[in-house]
Amino acid sequence: MSDNKTLIIHKNNTQIAPFLTLSLSTIAETYKKLNDAEAFYLYLFLCGNTNNYNMPFSPEELSKKCGQSASLIEENFKKLVNAGIIVQKNLNSSTYDFYASDEPINTYKELIPKNMIIWS
């Protein structure tokens, strides 16, 4: 699987710095979807990258950063593909899209009390 794949990170926020920001519901739903702690660890690592980052997918390099073996990273990559979290652009493409969430993250509108005045 280490044949020059590229991952494009898609996060539903506009963070500039590579931070891990996920809602608790996204974390819980993704863990339930994967039902695998090691695949979830790779998911969290990928979520820590900035939005629209084009990342060369190298199991060997990720192994050094994540502490998992390269073969385990390849296996977890397949699990993320099977779960629809990583999607191949098309059948002939070596580019894959990684989706941190199905829903917007980093939205705070629910935290603002309805009777609060917002000055603009």
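# A walk around the helices and the core

Colour the protein chain by secondary structure and read along the sequence: the pattern is β-α-α-β-α-α-β-β. That is four helices and four strands, taken as DSSP runs (helices H or I, at least four residues; strands E, at least two) and numbered from the N terminus. This is a predicted model, in which local features need pLDDT of at least 70 and side-chain atom pairs count only at pLDDT 80 or more, while totals for chains, interfaces and linings use all residues. Residues are numbered from 1 along each chain as its sequence is written, and side-chain values use heavy atoms, with hydrogens and water left out.

**Stop 1: the whole chain.** Of the 120 residues of the protein chain, 36% count as buried; buried means under 20% relative accessible area, exposed over 50%, and partly exposed in between (1.4 Å probe, protein chains only). Contact here means heavy atoms within 4.5 Å. Among contacts with a separation of 6 or more, 69% join residues 24 or more positions apart.

**Stop 2: the core.** Now select L7, L34, Y43, L46, L80, I86 and F98. Of the 23 residues in the largest nonpolar core, these touch the most other members. Such a core is a set of buried Ala, Val, Leu, Ile, Met, Phe, Trp, Tyr and Cys residues joined through side-chain atoms within 4.5 Å. At least two residues each come from β1 (5-10), α2, β2 (54-57), α3, α4 (70-82) and β4 (95-99). Which element gives the largest share of this core? It is α2, with six residues.

Stay on L7 and show its surroundings. Leaving aside neighbours within four places in sequence, L7 is in contact with L46, Y53, N54, M55, F57, F77, I86 and Y96.

**Stop 3: α2 against α4.** Show these two helices together. Their axes are 9 Å apart and pack at an angle of about 85°, which makes α2 roughly perpendicular to α4. Axes are lines fitted to C-alpha atoms, for helices over the stretch in contact, with angles from 0 to 180 degrees between N-to-C directions; 65 to 115 degrees counts as roughly perpendicular, under 35 as roughly parallel, over 145 as roughly antiparallel and the rest as oblique. From α2, select E38, A39, L42, Y43 and L46; from α4, select L72, I73, N76, F77, K79 and L80 to complete the contact. By class, this contact has eight nonpolar, one polar and two charged residues. Here Ala, Val, Leu, Ile, Met, Phe, Trp, Tyr, Cys and Pro count as nonpolar, Asp, Glu, Lys and Arg as charged, and the others, Gly among them, as polar.

**Stop 4: α2 against α3.** Turn to helix α3 (residues 59-66), whose axis comes within 12 Å of that of α2 (residues 37-47) and crosses it at roughly 90°. Y41, L42 and F45 in α2 meet L62, K65 and C66 in α3.

Next, pick out P59, L62 and C66, which are buried in α3. Seen down the axis, the buried residues of α3 fall within an arc of 60°, so they line one face of the helix; the arc is that of the directions from the helix axis to the C-beta atoms. Their cover includes α2, β2 and α4. Just after α3, G67 takes a positive phi of about 80°.

**Stop 5: two loop asparagines.** Finish with N35, in the loop between α1 (24-34) and α2. Its phi is near 50°, a positive value in a residue other than glycine. N52 sits in the loop between α2 and β2, and phi of N52 is near 65°. Are they buried or exposed? N35 is exposed, with a relative accessible area of 63%, and N52 is exposed at 51%.
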